[in-house]
Structure formats: C-alpha cells, structure tokens
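Please look through the structure below with an eye to its strands and its aromatic rings. The report after it takes these topics in turn.

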Amino acid sequence: MTSSADREPAPGAWTTYRRLLGHTVNYRGLLVVAMIGMVVEAAAGAAFVWLMEPLTNEGFVDPKPEMALVLPLAIIGLFLLRGAATFCTDYGIARVGRSVVRDLRELVLGKYLRLPSSRFDTEAVPQMVSRLNFDTEQVTQASADALKMIVADGLTIVFLLGMMLYTSIKVTLAMILIAPLIGVVVWYVGGRYRRISRGIQTGMGELAQSAEQSLAAQQDVKVHGAQGFEQSRYSALANRVLRLNMKVEATRAMSSALVQILAALALAAIVWVAIHESLAGHLNPGEFIKLMTAMMGIIPSLRRITNVQSVLGRGVAAAERLFAILDDAEEDDRGRHRVERVRGELVFDRVGLRYARGEGSALEDVSFRATPGTVTAIVGRSGSGKTSLVRLVPRFYEPSSGRITLDGVPLADYPLADLRRQIALVGQRVALFDDTVAANIAYGIDAPRESIRAAAEAANAWEFIERLPQGLDTPIGENGALLSGGSASAWRSPARSCATPRS
Ligand SMILES: Nc1ncnc2c1ncn2[C@@H]1O[C@H](COP(=O)(O)OP(=O)(O)OP(=O)(O)O)[C@@H](O)[C@H]1O
Ligand SMILES: [Mg+2]
C-alpha cells in the first residue's frame, strides 16, 4: 500500500509543478494542438454514446430505412475524427515530453559539470547517471500521464455526465448516488489486500532466510541434533505464510462476490427508477440505452482520474530531486583578474586541507615555492596528500587554511577558466574519451591538424598512431578499449601532459 506520504504531493508540489510547466513554454504550440486533440477525442466519444439513442429508437424500436445508411456512416465518420484527434494528442504530448526530457538532461549534465569536486565525494557517479536517465524520464512520463488524465478523462466525464443529466435527471442522480457505494467497498478491500500482501512478502523473506540458515549450517544442526528444532521453526513460519495467503484469497474472493452483489443491487435500483420514468413517459428505450452506455463509459475515466494524485506525486518527487540539483551552488568563480599566460610562480603559504568527509586533515601547514622554469616534484608515501595538494592548484578543492598564490595573485582572484588554462593535468587514472585519437589529443580545444600531429610526435605517440587503421581519425572506444593493451597503457595525451608532480 502506498503510504499517504508518497501519495500526497509535498507542500511545495505546486511550485514544483509550475516550474516544470515553465520548461514546456517553448513547446506551447504543440501543447495547444494536443489539448485540442483531447477535446475532440472526448467530444467524439460522447457523440458516439449519443448515437445510441437514434440507433435504438430509429434503428430497432421504430425502424427507418435511411438509418441503415446514416448511422453506419456517422459511426465511421466519428471514429475517423477521433482517430485523427488521438494521433494529434499522442504525438503532441510525446513530442513535448521527449523535448522536455532532453532539455532537463542537458541542463542537469551541464550543472553536474559545474558543481564543485567536493559534491562528487557525497554523491556517487552511478546515482548521478541514474538521475539523468530515470528521474528525467519519470518526470515527463508522470506529467504527460497526469495531463492526459486530467484533460482527456476529465472532459469525458464532463461530457458524458452532461449528456446523462440532459437525458434524465432522475436516473442520472440515482446512478450518481449509488456508484460511490461500490467505490467505497472497492477502496476498502484494496487497502486491506495491499496490507496483507506486504505481510506475505515479509513472511516469505523470513521463510527463505530460515531455510537458508539451517541448510547452510547443516553440520552444526546435525551435531547438535537440532533437526526437530529447525523443522518446527520452519513450520511455524510456513504456517504463517499459509494463513496470510488464505487471508488474501478470502479477501479477494469475498470482494469480488461483494462487488457483484452491490453492482446488481445498484443496477436493480437504477432499473427501478428508469422503468418508473418510462411509465411516466419521461424515458424512451433509446434514452435508457444511452444512459447505460454513458455510465459504462464514465467508469474507466473515473477510475483513472482518482489515481491522478499518485501519478502526479511520483513526477513531482522526481522533479524535486532534479530541481534540487539545478539549484545547487556551482563552483565559486568570482575572480576578476584576467590573464592569458602566467609566468608560473606558484607559492603555497601554510596551506591546510580538510575534506568534508574525512577524519583529520589531508594537508597541514604546507609551504613551498615553485619557481618558473624549474621542475618541482612532490614526493611522499601513499596517502600523505600529494594528490590532495595538486588538486588545490586548479581549485578542485579550496584550502581550509593558508593561501596559494600564482604570480603573487591569490588563486581565487583568477577566473576559473583563465586559471585552469595554465594547467595540464595527468591524473593517476588517465581518462580517455570515446572519440577519435585526434579528439583525445586536442581535448576541449579546436586545434589544427598540424599541431595535433606535432603534439603526438613530441610525445613519441605518432609512431603507433600512424599504424592505426584510420590514423588520427581512429575511434578509440570507451576508455581506449579499441586500442591494443600496450598502446592504451602507454597513452598519455601529449597536449595535456606536462611537468605536474607525480601523483
Ligand atoms: N575526496 C576525498 N574525501 C575525503 N578524504 C580524502 C579524499 N581524497 C583523499 N582523501 C584522504 O586524504 C588523504 C591524502 O590522500 P591523497 O590521495 O592526497 O594521498 P596521495 O599522497 O596522493 O596518495 P597516493 O600516493 O596513494 O596517491 C588520505 O588520507 C585520503 O584518504
Ligand atoms: Mg595520489
């Protein structure tokens, strides 16, 4: 059973929903087409029900020859119209929905790439990917479903109910008064059914666990002569599952009998009212058939629309997760000191670093000066903080204390793009992208072929690149999977490598 917590949208649900609607404004035209389609669809459905009256009265009760042609043609016409409308609705909604999925995915990925590195310590990458894949999908699916339910089913109910009231107020009122009775029973039984089903699941889990325990420890069981004990424990659980299963079956069987009896009572009451109306000359056969058909037509729409809350809730919950990401603080990039090329004097002054998720400090009181034109190597045992130290230079993390300056200017005073352009990074794990060799060498910049080749030659990679089937344009596959093992491990993106300290 869904708890009321995830059925009812949270207090901010409407804000979230409005914000989501904001993402559809670019596709307003399509949305209008879809809406018109839904109106036509519901109207055509109602018109078909309305046809039941002339069909009965003028086709059978008091047959008129021209009806043999008019009615079939009307039916074909109505369903052609309805088919076209359904297509417009489904196409329009799918187009809007798919476009919003794409927009959200682009926005969220862009956002993830701008979040500070520390965010990646608290949220696992697979979870991020699942946000991108499933949450976006769920948001649109749920909103599209909800929209269809509210508009299409809502209109169907309004049209059919209007038609029923217009035909016979008394019979319609009788139907409206009786229907909720069945609804309440179905709702009560459904709740009980779900509650017991959950009990069965837990029971099954315990049963399996008990069996696994005794079988895995069969030698201990034997040596202690505890077979009887294990057997009776298992029996008790098995009996509980049996009882729960029987409860479910009893509920199911009773509910279907009950619903049928109630439905028969309801029908009897409706027939009673209808025949009295007929005797009084207020209802003819065609009208009665029309009323019954309309009632049958309303039921599925009614059932769907009462479910709209939970569908909306699902979409809103996923949307809230996505919007929370979109609202997250990005990397701090408030530096205004623009530079093309720095000289490269890097000074660490009593720098300390504490990770948000880590006990103790990774760096404490680190001071050194790396002068331009020289090579500085940072050496230390594993876990001493070499990688952490290097991560501070491109400002992947901010120092918790102390100061880092480049050419005398604090790192935070440079725009991030300017600062990072000064740095080439070869990590402990070399990241290769699923693209061509050339694209990997010139990663992120639009370099001419000659300089890509020059870079490859400078890094002694040209020799093996030349031997690849399509040279620089060879796709390397995911993480270099299509390169030979040796080439892949020897691979260092030449344009990206430089004298950064070994990690
Ligand atoms: N993202 C992180 N969150 C929390 N703690 C971290 C994080 N990265 C590193 N640490 C911790 O900081 C300390 C320094 O780690 P670091 O990776 O900088 O060491 P290292 O000198 O590069 O080691 P190695 O030689 O093994 O690469 C370690 O105790 C490590 O557990
Ligand atoms: Mg390291």
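Predicted model: local features only at pLDDT ≥ 70, side-chain atom pairs only at ≥ 80, totals over all residues.

Strand E3, made of residues 401–406, runs antiparallel to E4 and is joined to E4 by 2 bridges. Thr 405 has Pro 410, in E4, as its bridge partner.

**Aromatic pairs**

Across the whole structure, a search finds 6 aromatic pairs. Two examples are set out in the table.

| Pair | Distance between ring centres | Angle between planes |
|---|---|---|
| Trp 14 and Tyr 17 | 5.7 Å | 90° |
| Phe 48 and Phe 79 | 5.2 Å | 80° |

Because planes over 60 degrees apart count as edge-to-face, the pair of Trp 14 and Tyr 17, at 90°, is edge-to-face, and the pair of Phe 48 and Phe 79, at 80°, is edge-to-face as well.

Trp 14 and Tyr 17 lie 3 residues apart in helix H2 (residues 13–22), so about one helical turn separates them. Trp 14 is exposed, with 56% relative accessibility, whereas Tyr 17 is buried, at 13%.

Phe 48 in helix H3 (residues 28–61) and Phe 79 in helix H4 (residues 67–114) are 31 residues apart, and their pair links distant parts of the chain. Phe 48 is partly exposed, with a relative accessible area of 24%, and Phe 79 is partly exposed at 42%.

**A charge over a ring**

Finally, the charged end of Arg 19 sits over the ring of Phe 323, at 4.1 Å from the ring's centre.

Note on methods: Residues numbered from 1 in each chain as written. Chains lettered and ligands numbered in written order. Heavy atoms only, no water. Pairing = 2+ DSSP bridges. Helix = DSSP H or I, 4+ residues; strand = E, 2+ residues; numbered from the N terminus. Phe/Tyr/Trp six-rings, centres within 6.5 Å; stacked < 30°, edge-to-face > 60°. Buried < 20%, exposed > 50% of the residue type's maximum accessible area, 1.4 Å probe, protein only. Lys NZ or Arg CZ within 6 Å of the ring centre and 35° of its normal.
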